[in-house]
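Good morning, and thank you for coming. I would ask you to keep the sequence and the structure in view while I speak.

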Amino acid sequence: MGFLDDLFSESKYLNKEKQPKEAVKTAASAAVQPLQPMRAATGSEPDFPVPFGYKCNWLCVKSDSPIDVIRKLGLKNFEPSNWDKGIEMAYNGYRFISPVLNGYVLVVNYGMALLTLAPELLDESAKKFPELQYFSTHRVSEYHAWVKYVDGEMVRGYGWCGCDGEVLLNKGALTPEEERLGFLNLITSSADDPEKVQLPTEDHVLEIAAAWGIDPGFSGSDYPKTLGYICR
């Protein structure tokens, strides 16, 4: 049993029976398409950002408007939500679109394992923004990925699936931020001796996310109380 079976056997987007990879890819694609109207209760009181990141996936895009991000990604039926309720719902199948944070907008729960299952969705989304970053981490399957696009082109991409012992992607030179964080000895090929290299962890994902743009842990941040949006 490979990573795809493990990860998606309990997904709300698929039946619990094993699915062929094409069905999994279709489900991943559907996960970022507009869905039916949502009538979920959301928090209405502005609050401070709520930490997230573990067993999660998200986009970080250069933008000065969450509404513009929602429209460009084709998401619909959005409703205002505070961070507390928004992050909770993002961990339960919805998407939380953050307010603007230092020139970036976060889309929490954009699609787990898109780097593997539907990379064309990332490529298409990246063309709509001057900069787009994608992060995904799932500790049970040891799936960890980080990707950065500038002007629609992938300048750096890295992905590792520990369950399958496979380097999924290693494109572009290490960014200065990765070098500064000590990512120099991460495994770069499935043929590498795991005893002589470092294997990525979920902490690597959170660290590079913070270094590239927005810290999902919001450590030491002084952002004001705000509202974001929830989408199906």
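Let me begin with Leu 174, which sits in the loop between strand S8 (166-171) and helix H7 (176-181). Helices (H or I, at least four residues) and strands (E, at least two) are DSSP runs, numbered from the N terminus. Residues are numbered from 1 along each chain as its sequence is written, and side-chain values use heavy atoms, with hydrogens and water left out.

Leaving aside residues up to four places away in sequence, Leu 174 touches Arg 156, Glu 179, Phe 183 and Leu 184, where contact means heavy atoms within 4.5 Å. Tyr 158 lies 16 residues from Leu 174 in sequence, and their C-alpha atoms are 9.5 Å apart in space.

I turn now to the sheet. Nine strands form an open sheet with antiparallel pairing, in the order S2-S9-S3-S4-S1-S5-S6-S7-S8. Strand S2 (79-81) and S8 stand at the edges with a single partner strand each, so one side of each has no neighbour in the sheet. Two strands pair if DSSP finds at least two bridges between them. Strand S3 (residues 95-97) and strand S4 (residues 104-108), for instance, pair in the antiparallel sense over two bridges, and Ile 97 has Val 107 as its bridge partner in S4.

Which strands does helix H8 touch? Helix H8 (residues 202-212) packs on the sheet and touches strand S1 (56-62), S4, strand S5 (131-138), strand S6 (143-150) and strand S7 (153-161). The direction of H8 makes about 160° with that of S5; axes are lines fitted to C-alpha atoms, for helices over the stretch in contact, and angles run from 0 to 180 degrees between N-to-C directions. Among the buried residues of H8 are His 204, Leu 206 and Trp 212. The cover over the buried residues of H8 includes S1, S4, S5, S6, S7 and H7.

Next, the interior. A nonpolar core is a set of buried Ala, Val, Leu, Ile, Met, Phe, Trp, Tyr and Cys residues joined through side-chain atoms within 4.5 Å. The largest such core has 32 residues, of which Trp 58, Leu 106, Phe 135 and Trp 146 touch the most other members. S1, H4, S4, S7 and H8 are the elements that give two or more residues to this core, and H8 supplies the largest share, five residues.

What of the cysteines? A disulfide is a pair of cysteine sulfur atoms within 2.5 Å, and by this rule the count is zero. Cys 163 is in no disulfide, and the nearest cysteine sulfur, that of Cys 161, is 5.7 Å away. Cys 231 counts as buried because its relative accessibility is 0%.

Finally, a word on confidence. The protein averages a pLDDT of 85, and 82% of the residues score at least 70; pLDDT is the predictor's confidence in each residue, from 0 to 100. Over residues 1-40, pLDDT stays under 50. Where pLDDT is low, the predicted coordinates should not be read in detail.

Definitions and conventions: This is a predicted model: local features need pLDDT of at least 70, side-chain atom pairs count only at pLDDT 80 or more; totals for chains, interfaces and linings use all residues. Buried means under 20% relative accessible area, exposed over 50%, partly exposed in between (1.4 Å probe, protein chains only).
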